[in-house]
Amino acid sequence: MTNRLNELSDNELQLSASSVFNYVHAGGVSGEKTNTPALLGDYKAIHNAYLNLYKSSDDEAVKTEVLKRLVFLNWYYIAEPNLLTGITELDEDTMYDAYETLNGLLQADKLDDEFKWMLGFYSKWDYTIFQFSEDGLDELTAFVKQNRWMAKEPPAKELIEGKMDNRGQMGKYLKALSDTIL
């Protein structure tokens with residue numbers, strides 16, 4: 001399963017190569033170079049592949065990582081313009097399924113510290129989540145309401161360093177955020 005995660009990460013980075021964000025953070029060098037040819041041609045397909053991987057995996061660590069990436073892509077797609085993200089479309093049913101799964105984990109209090117920080121950070125852009133959560137995803141709605149006005153600093157570099165490699169755009173974004181602000 002971790003090979004599939006790496007494949008999807010590589011695929012994300014290849015698709016993001018044309019985005020302004022990637023161009024700027026690569027020091028003006030356009031295009032990501034990976035050893036894996038692109039398997040999926042758009043973010044909608046990658047997003048759906050992540051959900052399928054979540055549903056088919058028995059490994060809790062893989063499932064947690066996949067859900068982090070799904071939720072990040074949900075947030076990133078709505079919060080940032082596609083010129084920056086390279087994401088032109090995501091499936092709303094897949095977005096909802098990711099949030100529904102997240103709601104269940106919140107109910108069971110099964111989010112790790114990294115995921116709690118990420119979700120707290122995304123909560124600042126409450127509109128990106130409320131449009132999916134306010135119709136029955138009560139735990140997620142409550143979490144966002146509790147955290148949307150709280151100051152969320154990017155994680156310290158020591159929390160990011162070496163932990164964001166091979167994690168698709170999520171890893172690239174959080175590493176850049178940490179490098180830029182801290």
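Hello everyone. Before the tour, a word on the model: it is predicted, so local features need pLDDT of at least 70 and side-chain atom pairs count only at pLDDT 80 or more, while totals for chains, interfaces and linings use all residues. Residues are numbered from 1 along each chain as its sequence is written, and side-chain values use heavy atoms, leaving out hydrogens and water.

Let's start with the overall picture. The chain has eleven helices and zero strands; helices here are DSSP runs of H or I with at least four residues, strands are runs of E with at least two, and both are numbered from the N terminus. Of the 182 residues, 46% are buried, where buried means under 20% relative accessible area, exposed means over 50%, and partly exposed lies in between, using a 1.4 Å probe and protein chains only. Among contacts between residues at least 6 apart in sequence, 71% join residues at least 24 apart; a contact means heavy atoms within 4.5 Å.

Now to the inside. The largest nonpolar core has 46 residues, and Leu 67, Leu 102, Tyr 122 and Leu 140 have the most contacts inside it. Such a core is a set of buried Ala, Val, Leu, Ile, Met, Phe, Trp, Tyr and Cys residues joined through side-chain atoms within 4.5 Å. Helix α4 gives the largest share of this core, ten residues. Leu 140 touches, among others, Tyr 99, Leu 102 and Leu 119, not counting residues up to four places away in sequence.

How do α1 and α3 pack? Their angle is about 165°, with the axes 10 Å apart. Axes are lines fitted to C-alpha atoms, for helices over the stretch in contact, and angles run from 0 to 180 degrees between N-to-C directions. The two helices are therefore roughly antiparallel; angles under 35 degrees count as roughly parallel, over 145 as roughly antiparallel, 65 to 115 as roughly perpendicular and the rest as oblique.

Helix α1 also packs against α4, at an angle of about 20° and with axes 10 Å apart, so α1 and α4 are roughly parallel. The residues in contact are Thr 2, Leu 5, Ser 9 and Glu 12 of α1 with Val 62, Glu 65, Val 66, Arg 69 and Leu 73 of α4. Look at Val 62 in particular: this α4 residue is buried, with a relative accessible area of 4%. The C-alpha atoms of Val 62 and Thr 2 are 60 residues apart along the chain and separated by 7.1 Å.

Next, α7. Seven of its ten residues are buried, leaving this helix mostly covered; Trp 117 and Phe 121 are among them. At the start of α7, a side-chain oxygen of Asp 112 comes within 3.3 Å of the backbone nitrogen of Glu 114.

Last stop: Thr 141, in helix α9, which covers residues 138–147. Is Thr 141 buried or exposed? Thr 141 is buried, at 10% relative accessible area. Its side chain makes a polar contact with the side chain of Ser 133, at 2.8 Å. A polar contact is a pair of N or O atoms within 3.5 Å; within protein, one must be able to donate a hydrogen and the other to accept it, and residues adjacent in sequence count only if both atoms are side-chain atoms.
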